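Please keep the sequence and the model in view while reading.

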Amino acid sequence: MAVPSLSLPIDIPWERICVSEDMIDPAVGDGDRPAKWQSSIAVFKYVPDEEYQVYPGRKITYLKVTCTITGYQPKADEVQGILTNWSRLSYAGEPFKQDELERRLLSYKPCHEAILQVSVAPEQTDGVPLDEYPYFMDFQPKKRELYESVTDTKELMSRSLESLNISKSSGTTQSQEVLDIDQGFSVGASGQYAGTGGSFQYSHQGQWGTKHLGGGQSGTARTTDETHERRETTSHTTQLTQLHHLLDTYHQGTNRAVFYIQPRPHTVAPPSGFVRGPREVEGVQEFFLIVNQAVEQEDFCLDVRLDTGHLFQQKIMDYEYLVDTASFSFTNPTPVKEDTDLTAAGDTSRVLRDISNDLYNYTATLPYHCFTRSRPGSLTYTSPFPEYVIDVGNLGANPANTNGYQVLPSTQVAGTASYALNTTADGEALTISVDASSRACFKGGFDEIAVSSTVTVSEAVLIGIAASTIFGNPLGPIAAAIIASGAPIIATFEAAETAIAFGSAADTVDGQFGSAQVDVEVFLRSREKTKDTGRIEQTFFITTRRLYCCADPDEPAVHDGIVYVGRLSEYAGPLAEADPLPPGEGPVAGAMSIEQSNRLQGALRAEMLRSLASPRRTEPRPLAQSPLLLDMVLPHVRRNPLSRVLLSQPSSDVVPEELLAPLARVFHRPMEEVSRAQLLAVDTAALAAVAGVGESAIHQLKANLLGQPFRSLVEEGRARAADEAPADTESAAQAEPPEDTEPPAQAEPPAETDHDG
């Protein structure tokens, strides 16, 4: 019987349909090449001949998506301004040390996670129902897993083999699974005493090579023509380049395929016991996809997006803390009659003369007019150390700290006095306020004396005593006068003694002063975080690369940038608490255990998946419009004293004109009075919301604050001198001094003075 002739399997002649054009070198030999460490995507296409189109009414298309997965390194034009701005500075003749700054900005940050998303759709989607959309009938590779032996520490990994066959149906694929199995080894030894001899045994068990999943047995011998069999079963062949990392795939049968690539976890401990952090995912990865679409559809659009996750590590810095003391003594002395700032506070009295005899009772009372005085006093404390402010927010977690201070037990209050302490929100000043009251009562006039007199005997007795005058009784004349004039005449007889008592009476009574001695312990912190805690902060960020293959001119051919930035300290949990990273450089220096590395890898995976639905995920942005640039640069430059001086320059030189008014409303003062450092310290999201602009605009502004040139220290001194010049000499202050003129020396600071009451 004749055997029909079948064609041999065809090695697919791929045709490239689109590629990341910015990775193409347009002028070979000019020395200017595209960035080396930047991801790229290329898409190849092949439509099988009509004889392989075996699905009625459908068209089969083969796609090969080749993606280059690399780490992240900022582009030169993104960081050149900052490096140039800081590298040309000098302080006391010594250049600014920028090695660390260059390392932060230009260091290569490997890829630890990657997600590739491939979508297809008709060129014209209007009126096309979803069930007529093209879809992925099959794709390879589908999985890549790692197995760990329970009885040993060796790694077992399963992967798809590089060779790939497409069956005669043109819609399914065939691949092989390879098991790299290392079952360990055994060592034995034996010897004899008092004689020569001995033995040594070594064995190593394992399985290597290709293993087909499945098998069968048959007792019938059969002769086959392998070439003819391949013609019947295989239509096309191709080769795929694969990274030996873990792989998960999703959504076969839809118009969207997702490939999630992860590095292999550490399973074998090296002799040192430490590893260099999570493994990396880098290199070329190829994916083969079969697209099934309606035959009447002309072509389809292809959208490929590659997200790569990277880890940025930096030392966790903290504030330096100091404790200082402040004292304020204030006294409001007892008032004197000549004071003019007194307030009437009623009257009191004192008895000048009080006498009783056989005829009458007599009392003379002197009034005293009382006055009070209230006087406030205050002391403003500022840190004696220019690099420190008051720790108002208790960032140092000191239990004794209340709003930046603690009142000491030595504080004393006398009389009517009270004190209050207030710190400014920025920690620049602490005000100790004392309100003390004093009091005194001053003697009234002689004519204000109140007299009270009463006769204590009857009129008959008075007559008898008056008659006894002839016998020399001294009360006789008084009795006769009382009979003649009544009781008021008694004051006449007591006037002389009352006058004497008035003269000897105190001019002031009830005198009282108010005072307070306030002793305070002040808690200070450094303005910037300059203390190395020995811990590492893990910042996870995602970059994206998009390739759109379609005839639609409205869609960009290439779209890349940073889409997500998150700190793992919020999510790592046990990694940051129960088993923190060792001090020092962390994974970069190889000081991470396998358990820590794998937990960190798990945190990276969780963050990668969380980012897909996070509201913090943005459209692709350049480095300058993301928070990552500020994280890389600001912690380093703040540690340098000269940098802090330069960042104190006004921000108005950098702020765009359209943002001057909105930002001035935020700070409640002109931007000429707001320094670059103050503007950099404000939360980006809050600043964007209040100013009414997007966060990317604020990130770009902060990048400009670091990247645009500073005024020299001489220019800064001249500018400040001009601002402080009197109005009548303003024109003179604005005049340019000769070039050979030295800047004026600063005046000596005033001597410290005591703040006594």
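The model is predicted: local features need pLDDT of at least 70, side-chain atom pairs count only at pLDDT 80 or more, and totals for chains, interfaces and linings use all residues. Residues are numbered from 1 along each chain as its sequence is written, and side-chain values use heavy atoms, with hydrogens and water left out.

**Helix packing**

Helices (H or I, at least four residues) and strands (E, at least two) are DSSP runs, numbered from the N terminus. Two packed helices are described by the angle between their axes and the distance between the axes. Axes are lines fitted to C-alpha atoms, for helices over the stretch in contact, and angles run from 0 to 180 degrees between N-to-C directions. The table gives two packed pairs.

| Helix pair | Angle | Axis distance |
|---|---|---|
| α8 (residues 627–637) and α13 (residues 695–707) | about 30 degrees | 9 Å |
| α12 (residues 684–691) and α13 | about 115 degrees | 9 Å |

Angles under 35 degrees count as roughly parallel, over 145 as roughly antiparallel, 65 to 115 as roughly perpendicular and the rest as oblique. Helices α8 and α13 are therefore roughly parallel to each other, and their crossing is left-handed. A crossing is left-handed if the near helix is turned anticlockwise from the far one by less than a right angle, and right-handed if clockwise. In the contact (heavy atoms within 4.5 Å), P627, L629, L630, V633 and L634 of α8 meet H699, K702, A703 and L706 of α13. By class, this contact of α8 with α13 has seven nonpolar, one polar and one charged residues. Here Ala, Val, Leu, Ile, Met, Phe, Trp, Tyr, Cys and Pro count as nonpolar, Asp, Glu, Lys and Arg as charged, and the others, Gly among them, as polar.

Helices α12 and α13, by contrast, are roughly perpendicular to each other, with a right-handed crossing. From α12, T684, A685, L687 and A688 meet E695, I698, H699 and K702 in α13. The contact of α12 with α13 divides into four nonpolar, two polar and two charged residues.

M632 lies in helix α8. M632 is buried, with a relative accessible area of 0%; buried means under 20% relative accessible area, exposed over 50%, and partly exposed in between (1.4 Å probe, protein chains only). Not counting residues up to four places away in sequence, M632 touches R104, L105, K109 and F312. M632 and F312 are 320 residues apart along the chain, and their C-alpha atoms are separated by 8.7 Å.

**Strand pairing**

Two strands pair if DSSP finds at least two bridges between them. Five strands form an open sheet in the order β2-β3-β4-β19-β8, with antiparallel pairing. Strands β2 (15–19) and β8 (135–140) stand at the edges, each with a single partner strand, so one side of each is left without a neighbour in the sheet. Strand β8 pairs with β19 (residues 283–294) in the antiparallel sense over five bridges, and the bridge partner of Y135 in β19 is N292.

Elsewhere, β20 (residues 300–318) and β32 pair in the antiparallel sense over 16 bridges. In strand β32 (residues 531–549), 14 of the 19 residues are buried, so β32 is largely enclosed by the rest of the structure.

**Helix α5**

The buried residues of helix α5 (residues 475–485) include L475, G476 and I478. Their cover includes β23 (360–381), β29 (450–455), α4 (459–467) and α6 (489–504). Just after α5, G486 takes a positive phi of about 95 degrees.
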